Amino acid sequence: MKAARAKTPRRPAVKKPSNPSLKDPVGVYCRVRPLSRPDQECCIEVINETTVQIHPPDGYRIFRNGEYRETQYSFKEVFGTLVVQKELFDVVAKPLVEDLIRGKNGLLFTYGVTGSGKTHTMTGSPGDGGLLPRCLDMIFNSIGPFQAKRFVFKLDDKNGVDVQCEVDALLERQKRDAMPVPKTPSGKRQIDPEFADMINVQDHCKVEEVDEDNVYSVFVSYIEIYNNYIYDLLEEAPFEPIKPKWNNCNTPVRNGDFIPPQSKILREDQNHNMYVTGCTEVEVKSTEEAFEVFWRGQKKRRIANTQLNRESSRSHSVFIIKLAQAPLDADGDNVLQEKEQITLSQLSLVDLAGSERTNRTKAEGNRLREAGNINQSLMTLRTCIEVLRENQMYGTNKMVPYRDSKLTHLFKNYFDGEGKVRMIVCVNPKAEDYEESLQVMRFAEMTQEVEVARPVDRPLCGLTPGRRFRNQAFREELSRKLEMRGGPINGETEEQSVSEMFLQNFPPLPSCELLDVNDDQTLPKLIEVLEKRHKLRQMLSEEFAKNVLAFKTMLQDFDSSIVSKENYIQGKLSEKEKTIAGQKMELERLEKKIKTLEYKIEILEKTATIYEEDKRNLQQELESKSQKLQRQASDKRRLEARLQGMVAETTMKWEKECERRVAAKQLEMQNKLWVKDEKLKQLKAIVTEPKNEKPERPSRERDREKPVQRSVSPSPAPGDVFKTRGGGQAVQFTEIETLKQESPTGRKRRSSPSNPDPPEGAADSEWTDVETRCSVAVEMRAGSALGPGYQHHAQPKRRKP
């Protein structure tokens with residue numbers, strides 16, 4: 001035969017909720033602590049039962065460019081400064097305790113800045129217990145009469161629980177009592193006065209509907225997460241404050257001088273739930289006993305003095321309450337030994353260390369390192385919440401970084417649907433905490449958008465309900481009957497036999513010794529006593545038979561009443577099942593409707609997203625075009641201003657040019673008029689001047705001797721003036737005047753009237769002299785007026801002799 005191949009063991013499937021579509025948002029509540037002093041400035045105001053308003057303090061605008069914006073944040077419920085602990089417990093923690101007893105898990109943690117009242121909310125103060133002692137008191141008020149004896153339930157090292165029989169539990173108790181180690185504090189011991197006022201709760205709050213056919217046991221454990229290491233606060237080993245040395249890798253160094261306590265490791269059980277291996281879990285039977293265990297671990301928790309808080313928590317503390325429950329058997333006497341019927345639920349109460357800015361706490365050395373680790377773990381928590389929110393809102397499948405911090409890794413199951421999650425945001429309204437409170441509010445607002453799958457209901461065991469009370473009623477009735485017959489009371493019938501009961505009711509036997517032959521009294525007395533005993537025995541036998549018959553009748557009646565009650569209960573159960581079936585059908589219909597509405601909402605959200613994208617694009621386009629129009633308008637204004645400047649400059653320039661040209665033209669016209677006037681004067685002088693002698697041409701010597709007289713203003717040229725190629729100026733006469741003189745008799749004019757009859761030759765020469773004189777005078781006058789650049793373009797006409 002061939003050896004069979006070994007198969008790879010299959011990994012158990014991940015436990016998923018039965019109905020993943022049913023989800024509940026994380027319940028986030030806000031609690032505002034009162035101010036330490038009445039003269040402190042307040043920056044947080046409670047608007048109504050669900051809304052708070054935070055506004056910047058005075059002077060904050062100076063550093064923020066004058067911005068002053070009030071912001072409102074909404075929560076599931078807001079608790080003001082006057083709210084008492086009981087009201088907070090009834091709203092936030094009481095539903096979690098009810099779910100714990102019904103077999104469901106819960107997580108409650110406080111979050112806020114250092115000094116905002118987180119530890120006071122969770123633990124309380126003398127005379128005013130917090131959420132933790134009130135949760136313990138409610139648990140034991142609810143399950144007190146139904147608790148199992150010690151060591152009936154026994155936790156294993158793999159986050160599971162086993163059930164032991166009464167004999168094994170008794171041996172375990174005897175073994176524990178014989179050990180010299182310190183025992184678990186008992187509820188009968190005197191309560192420590194240090195915390196007696198915290199657990200003295202007079203409310204007597206309890207769960208109304210508790211399964212009375214189950215037995216319960218409570219186990220508590222207390223751990224802290226310090227510098228991202230997990231430590232057990234209930235370990236009996238010697239504990240000293242940690243003062244580690246740190247190397248460059250930011251890890252504690254172990255040397256001969258100092259050995260820090262061993263940190264615990266997180267593991268995953270077969271149901272993929274996280275737990276702390278090797279953690280001390282103590283079974284407790286009362287509120288006092290449980291809180292004494294908590295107080296013992298609280299003294300070991302790391303608390304230091306910072307600038308913001310005299311007793312600031314330097315670690316995250318986690319107090320875990322585990323409730324083990326199992327049903328009784330059909331007789332209602334013993335616990336069922338089937339492990340599948342055991343339910344283990346837990347409630348985790350977390351007091352987070354305060355988020356803080358190191359420049360405000362004035363922390364140095366170890367305190368500074370602690371603050372860095374605290375802020376890092378809180379930042380990891382915020383990152384996990386952001387990724388969860390993004391995955392749920394946008395349908396992405398990003399990996400949530402639970403493993404980046406021990407805090408988030410420990411509680412990842414709660415966010416995956418293994419229990420209900422609730423958070424209390426504690427805020428201090430003083431103005432100094434404005435920026436930190438603003439960050440806390442933003443984180444809380446984001447956390448409310450995360451949804452957690454609703455946990456699965458615990459399955460029913462299938463046994464007849466009322467087993468415990470039916471067994472108790474039977475025992476009480478049996479004890480009452482025996483008491484009526486003079487028998488033992490208070491359960492002593494279990495220790496005595498029926499024969500012993502009969503012998504106790506018979507008369508005592510006399511002495512049977514015969515010392516004398518003639519003794520005739522001993523035997524008759526013995527016979528008489530025996531006859532009496534015989535008669536009494538017969539009477540007791542008859543009465544016993546009657547009692548047995550009556551008891552049988554009573555049992556039959558009791559059985560018939562039980563049957564009728566069972567029938568009634570079965571009828572009620574069938575009605576309830578029909579109602580449940582109808583409700584399931586209605587629930588399925590509503591779920592289908594919800595899916596349809598969710599699909600429509602998804603479509604509408606996508607459409608709205610498209611519209612919003614289009615709106616953003618159009619707004620961007622509108623803004624770009626508006627900016628372009630503004631640029632064009634500014635360019636147009638600049639161009640208009642530039643053109644106006646150019647027009648004004650050109651206008652001024654042309655005005656000056658026109659004025660200059662008009663002035664030049666006026667001067668030119670005046671010169672022309674003056675020239676014409678001069679010509680006319682010269683001609684008039686020439687014509688009217690009498691000449692008796694022949695004019696002589698002036699010699700050069702005479703010209704040198706006699707200076708030429710110039711006019712004050714230059715004589716205008718009788719023509720046009722233009723530039724020549726050589727750089728000079730030329731004058732072109734445009735008017736040529738010809739002087740003619742005719743005699744009325746047709747004869748030529750004579751030069752002198754004194755000589756009326758000159759000779760013919762003399763008359764001609766005289767005429768010639770007059771014409772020459774006129775031309776020479778005109779030429780000389782023009783030359784002297786025009787200057788040296790003057791050229792003759794028109795020569796005077798000479799008449800031939």
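Modeller: Helix 12 passes helix 14 in a right-handed crossing, a term for the near helix being turned clockwise from the far one by less than a right angle. This is a predicted model, in which local features need pLDDT of at least 70 and side-chain atom pairs count only at pLDDT 80 or more, while totals for chains, interfaces and linings use all residues. Residues are numbered from 1 along each chain as its sequence is written, and side-chain values use heavy atoms, with hydrogens and water left out.

Helix 12 covers residues 467-484 and helix 14 covers residues 522-688, where a helix is a DSSP run (H or I) of at least four residues and a strand is a run (E) of at least two, both numbered from the N terminus. Their axes come within 13 Å and cross at roughly 160°, on a scale of N-to-C directions from 0 to 180 degrees. Helix 12 is therefore roughly antiparallel to helix 14, the word used for angles over 145 degrees. On the side of helix 12, the contact (heavy atoms within 4.5 Å) is made by Arg-470, Phe-474, Glu-477 and Lys-481, and these residues meet Phe-551, Met-554, Leu-555, Phe-558 and Ile-562 of helix 14. Sorted by class, this contact has six nonpolar, no polar and three charged residues.

A second pair of helices can be read in the same way. Helix 4 (residues 131-143) and helix 6 (residues 287-298) pack at an angle of about 150°, and their axes lie 9 Å apart; these two helices are therefore also roughly antiparallel to each other. Helix 4, too, passes helix 6 in a right-handed crossing. From helix 4 come Leu-132, Pro-133, Leu-136, Asp-137 and Phe-140, while helix 6 brings Thr-287, Ala-290, Phe-291 and Phe-294. Here the classes are seven nonpolar, one polar and one charged residues.

To set these pairs in the whole, the protein chain has 16 helices and 24 strands, and buried residues (under 20% relative accessible area, with a 1.4 Å probe) make up 35% of its 801 residues. Among contacts between residues at least 6 apart in sequence, 72% join residues at least 24 apart. One of the loops, between strand 14 (266-268) and strand 15 (274-276), holds His-272, whose phi is near 65°, a positive value in a residue other than glycine. With a relative accessible area of 10%, His-272 is buried.

Definitions and conventions. Parallel < 35°, antiparallel > 145°, perpendicular 65-115°, else oblique. Nonpolar A, V, L, I, M, F, W, Y, C, P; charged D, E, K, R; others polar. Buried < 20%, exposed > 50% of the residue type's maximum accessible area, 1.4 Å probe, protein only.
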